[in-house]
Amino acid sequence: MSRTIEIAGQILDHIGDRADAEVVVSGGESALTRFANSFIHQNVAEEGHEVLLRVAVDGRVNSAATTNLEGIEDFVDDTIGIASLQRVDESWPGVTEPMDIVDPHHFDDATAEANPDERARVVAGFVSAAPDLLAAGYCETMGHDVAFVNTEGHRAFGHYTRATVDGIHQASGTAGSGHGTSPRLGDLDGSDIGALAADRARRGLDAFDLKPGEYQVVLAPEAVATIAMFLSFYGFNGKSHAEGQSFAELGEKQFDASINLYDDVHDPRALGIGFDAEGTPHRRLDLITAGVTKAVAHDRRTAKKAGVASTGHGSPGSEVYGPLPTNVFLEEGSTAVDDMIAGVDRGLYVATFNYCRVLDPKALTVTGLTRNGTFIIENGKITGGVTNLRFTQSFVEALAQGRVSAIGNDARFADSEFGPGMMHVPSLQLDAWNFTGGAAG
Amino acid sequence: MFDLAQAAVEGALAAGAQYADARVVVSKNQSIAVQNQEPQSIDQAERAGVGVRALTGSAWGFYATSDMSKAAARAAGKKSAAISRASASVPGPAMPLADVPVVEDSYETPFDEDPFAVPVSDKVDMLIEVTKIAQSVDGIALATGNLSFWDTNKWFVSSQGHRIHQHLVESGGGFDASAVGESEIQRRSYPQSFGQFETGGYETVRRWDYPGNAGRIAEEAVALLSAPELEEGEKSLILEGSQLALQIHESVGHAIELDRILGWEAAFAGTSHLDLERLRTHRYGSPLMNITADATLPGALGTFGYDDEGTKAQRVDIVKDGLWVGVLSGRDSASIAGLAPGGMVRADGYNRLPMVRMTNVGMLPGDSNLAEIIADTKDGVYMSTNRSWSIDDRRLNFQFGCEIAWEVKDGKLGRMVKNPTYTGITPQFWAQLDKLAGGDEWVHWGTPNCGKGQPMQVAHTGHSAAPGRFAEVRVGVRA
């Protein structure tokens with residue numbers, strides 16, 4: 001039996017009938033090998049358990065977390081004691097009834113047990129893909145168990161692994177990026193990912209300053225992951241939606257008919273476990289189907305307010321930030337990226353967006369920059385690198401009807417700059433993207 | 001607790017580390033959020049563990065465990081050394097450590113009122129009152145209040161003989177009010193966006209008088225809905241202190257981090273437009289610009305006794321009369337650069353590797369004041385309170401949005417305008433600083449959410465600033 005299940009059971013026993021409660025215990029090891037200037041300079045790992053406890057004493061709610069398993073009984077008593085002194089939380093949805101949980105099986109023993117030598121070999125592959133360039137990035141492995149119990153008798157257990165290689169190669173004044181994420185370290189080839197980064201870096205040599213303006217774009221999966229992440233976190237967020245801060249209008253055709261976006265931990269390519277922090281099972285949630293906005297994500301609290309069922313997107317902090325889809329898939333198309341580029345007379349190929357921030361949540365207008373690979377396309381061919389550009393663009397408008405020229409056949413996990421393993425997306429060819437500044441401002 | 005840290009260090013040395021240090025950290029955090037007069041979340045967190053850092057050749061190895069037994073600490077030390085040795089398969093140059101005095105000492109944040117001794121219900125009641133006041137203004141759809149407190153004990157031991165205990169207390173919060181129009185949301189925040197945080201106790205929260213400001217802030221949010229947009233153009237830009245503080249954080253604070261300058265953060269946080277060859281010759285900005293990194297400022301959020309590798313807190317000149325003269329550094333980066341270590345290496349908890357972080361990177365006050373600056377401005381805009389921030393990976397090309405602005409015409413504050421933004425390039429922008437308010441308006445603004453590193457670490461940093469004016473800035477950028 002996993003130690004997490006044992007700890008969760010002990011906590012529930014100590015709570016007894018003093019409160020409604022839900023307990024999440026996670027434990028495992030995470031390790032990350034980091035390199036810069038083409039050598040490993042930081043190399044870290046951690047092990048441990050963390051307990052999340054949420055209690056409701058006659059509707060008076062309190063949440064707490066601890067890593068201190070020695071003092072767990074005091075921790076439980078304090079959490080209940082503080083709850084009992086609070087006001088009644090009128091929005092408290094109660095704890096989850098027992099429900100069947102389906103394990104998505106995203107766990108790999110070899111990845112959970114990966115050692116620093118194995119991570120170093122992946123790094124060596126990335127670095128040696130271009131010995132003449134300067135490499136920087138990381139290789140991470142993690143394996144975690146998660147146990148959930150509550151006072152309604154609901155029990156769930158899951159475990160998952162994740163491996164990521166992410167890095168850049170740098171040539172004089174330019175850089176190119178590569179990324180891979182999988183439940184299995186064995187799926188990731190540092191050499192291949194390093195070769196892509198090196199190719200982008202070399203193509204960007206002698207980059208020039210391009211006049212800002214509206215351009216056709218071909219966006220690589222990393223750039224598309226940023227769009228998908230902002231759509232998901234700001235728009236398909238049940239709390240933002242209820243507060244009138246989301247662009248999402250259910251049932252409305254807000255996107256091009258070619259766009260299908262869904263959240264599904266049970267997709268064989270996904271990462272994660274089969275339930276959320278409230279014990280609600282994850283199931284596929286269609287967010288956009290044929291361009292029509294279909295749903296937003298809910299935890300139990302936002303679901304109660306909206307009069308619907310939780311979609312299984314509760315997380316620690318979702319009371320404040322709202323429920324967030326984090327197993328997002330943008331359905332891939334059939335166009336090869338070279339064919340997308342061939343279809344552009346004059347435009348830009350963008351590898352990655354960087355430092356994106358929302359200016360207007362309702363329109364999802366975002367400003368950010370290009371990074372690690374920005375290239376001019378002329379007459380259907382990449383003809384050179386350009387220096388990084390700033391954009392100010394509504395992400396919803398960019399994907400509106402008639403503005404999506406092609407969807408790539410190259411879907412994969414791509415880092416949205418907010419973390420790996422959340423957005424599985426292809427390249428996109430878009431009719432217009434509004435670049436508002438260049439190297440000179 | 002020193003014994004636990006000592007066991008971790010001994011474990012690393014026994015496994016072959018040339019240097020090791022360890023931190024035992026016991027921390028608690030309380031966060032309270034209220035929305036529209038209802039408690040939204042009440043969270044407590046206690047985290048305890050030991051993190052040990054071992055140096056072998058060119059790489060740090062780091063291992064952390066939440067198991068607070070001596071055996072686990074010793075095993076963690078052994079693992080940290082093994083991890084650093086594994087790095088040798090992709091080796092680099094040796095990582096020397098600059099010398100620092102070896103001390104046995106302790107430090108405690110001065111505070112008047114233990115924030116954890118104030119009943120949670122009192123805090124909730126105060127935030128409910130604030131949101132009630134804000135909601136009493138017609139047109140306010142959302143009113144939210146937040147408070148957060150941290151109490152951190154750290155015991156640091158190094159293989160060179162350091163033994164340092166620190167007890168740090170940090171407090172703060174804020175509130176915001178939002179008016180939702182047909183196709184827009186306008187939000188106003190107080191004391192600044194994300195709240196104001198300082199080292200100290202609950203007295204820091206009381207000082208900002210949230211209830212006394214809730215009505216004004218809510219009225220401003222509603223007024224913004226019917227305000228005109230700021231027109232695009234180039235004009236004098238006057239920044240309120242908290243926005244200038246964030247400008248310093250993003251376009252100075254990160255650029256002067258020595259690990260970025262050395263390329264250690266190239267893949268994620270980025271590098272810097274600065275290079276060491278230009279230290280003491282590069283003009284960062286106008287002669288009004290004097291920036292220090294000062295970890296000794298009483299009450300500022302980035303204040304402590306010692307950093308997380310045992311170097312004493314200090315004040316370092318960064319920009320003097322507009323000239324770039326200093327960096328943020330640690331023992332390894334300073335040694336490589338041939339500079340004195342600045343005591344600016346900190347970690348986000350026991351389970352993260354210490355890295356170069358801002359302390360209190362702030363601008364010394366000038367000799368003017370906001371009223372005088374406005375009176376001296378013929379055609380400008382006064383912007384307050386950050387709404388969005390974006391800057392490139394070399395810290396050059398930035399665009400900021402603020403919550404609110406007012407036109408300034410012929411020396412007078414004019415009509416309110418909404419969705420104000422401005423953009424620029426770091427050295428050109430700072431060269432245009434031509435007026436700076438003085439000590440009466442100088443505030444130690446705190447940033448509680450500075451992200452950096454992999455795995456991600458969040459640091460608490462301070463940025464002292466007073467309002468300032470910049471000539472001919474591009475404003476009103478939009479999609």
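Domain bounds come from an automatic or database domain assignment, and on this basis chain B is divided into domain 1 (2–225) and domain 2 (233–475). The structure is a predicted model, in which local features need pLDDT of at least 70 and side-chain atom pairs count only at pLDDT 80 or more, while totals for chains, interfaces and linings use all residues. Residues are numbered from 1 along each chain as its sequence is written, chains are lettered from A in the order in which they are written, and side-chain values use heavy atoms, with hydrogens and water left out.

The C-alpha centres of the two domains of chain B lie 21 Å apart, and the contact between them (heavy atoms within 4.5 Å) takes 54 residues from domain 1 and 46 residues from domain 2. Together the domains bury about 4000 Å², of which 55% is on carbon and sulfur atoms; buried area here is the accessible area (1.4 Å probe) that two parts lose on being put together, summed over both. Of the area that domain 1 buries against domain 2, 13% is supplied by B:Arg23, B:Thr199 and B:Leu224, more than by any other three residues.

Five salt bridges are found across this interface, a salt bridge being a side-chain nitrogen of Lys or Arg within 4 Å of a carboxyl oxygen of Asp or Glu. The side chains of B:Glu184 and B:Lys418 meet in a salt bridge, with an N to O distance of 2.9 Å.
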